[in-house]
Amino acid sequence: MKVEGGLFTVGAGFYFVVAGIYWYMSQEPIGTTVLSLTGALALMVGTYILFTGKRIGVRPEDRLDGEISEADANYGFYSPHSWWPLMVGTAIAVVFLGLVFAVWLLVLGVIFLLISIAGWLFEYQTGYFAE
């Protein structure tokens, strides 16, 4: 996990340097604050990953001689054919557009979101892929 933590901490340093340059060039506080908070978030994630990496030890992915068979086989279940995550994402986009533009679009987006969440939830209960 040293590589992942290092990437995030190097990214945090990059964002802090860019925030300083941005402040020097523009004297604009909002963009500087956003860049600084982005750096703080990257530093927080990188620190967490490095701290967790010390607790769990070296993974097979971190060793040069690590084999695929040594890795944890249970990564969870992911449906390779599912279109429901796309529907949920589209519905969330419609909900946010409804928050910006019109209440009727918000209501339509919430209905679409509920239908798509139900479809994703019951994907393996009915239809072609029922178990």
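Visitor: Why is Phe14 called exposed?

Guide: Phe14 has a relative accessibility of 53%. Exposed means over 50% relative accessible area, buried under 20%, and partly exposed in between (1.4 Å probe, protein chains only), so Phe14 counts as exposed. The model is predicted, with local features needing pLDDT of at least 70 and side-chain atom pairs pLDDT 80 or more, while totals for chains, interfaces and linings use all residues. Residues are numbered from 1 along each chain as its sequence is written, and side-chain values use heavy atoms, leaving out hydrogens and water.

Visitor: What makes Phe14 and Tyr15 an aromatic pair, and why is it called edge-to-face?

Guide: The ring centres of Phe14 and Tyr15 are 5.6 Å apart and their planes are at 65°. Rings of Phe, Tyr and Trp (its six-membered ring) pair if their centres lie within 6.5 Å, and planes over 60 degrees apart count as edge-to-face, under 30 as stacked, the rest as tilted; therefore Phe14 and Tyr15 form an edge-to-face pair. The structure holds 1 aromatic pair.

Visitor: Is Tyr15 buried, partly exposed or exposed, and what value decides that?

Guide: The relative accessible area of Tyr15 is 30%, so Tyr15 is partly exposed.

Visitor: How do you know how α1 and α2 are oriented to each other?

Guide: Helix α1 covers residues 2-26 and helix α2 residues 29-56, helices being DSSP runs (H or I, at least four residues) numbered from the N terminus. α1 and α2 pack at an angle of about 165°, with their axes 8 Å apart. Axes are lines fitted to C-alpha atoms over the stretch in contact, and angles run from 0 to 180 degrees between N-to-C directions. Angles over 145 degrees count as roughly antiparallel, under 35 as roughly parallel, 65 to 115 as roughly perpendicular and the rest as oblique, so α1 and α2 are roughly antiparallel.

Visitor: Which residue sits in the loop between α1 and α2, and what is noted about its phi?

Guide: Gln27 is in that loop. Phi of Gln27 is near 55°, a positive value in a residue other than glycine. With a relative accessible area of 48%, Gln27 is partly exposed.

Visitor: What makes Thr32 count as buried?

Guide: Thr32, in helix α2, has a relative accessibility of 12%, so Thr32 counts as buried. A polar atom of the Thr32 side chain lies 2.8 Å from the backbone oxygen of Glu28.

Visitor: Why is Asp72 called exposed?

Guide: Asp72 lies in the loop between α2 and α3 (84-100). The relative accessible area of Asp72 is 52%, so Asp72 is exposed.

Conventions: Helices (H or I, at least four residues) and strands (E, at least two) are DSSP runs, numbered from the N terminus. A polar contact is a pair of N or O atoms within 3.5 Å; within protein, one must be able to donate a hydrogen and the other to accept it, and residues adjacent in sequence count only if both atoms are side-chain atoms.
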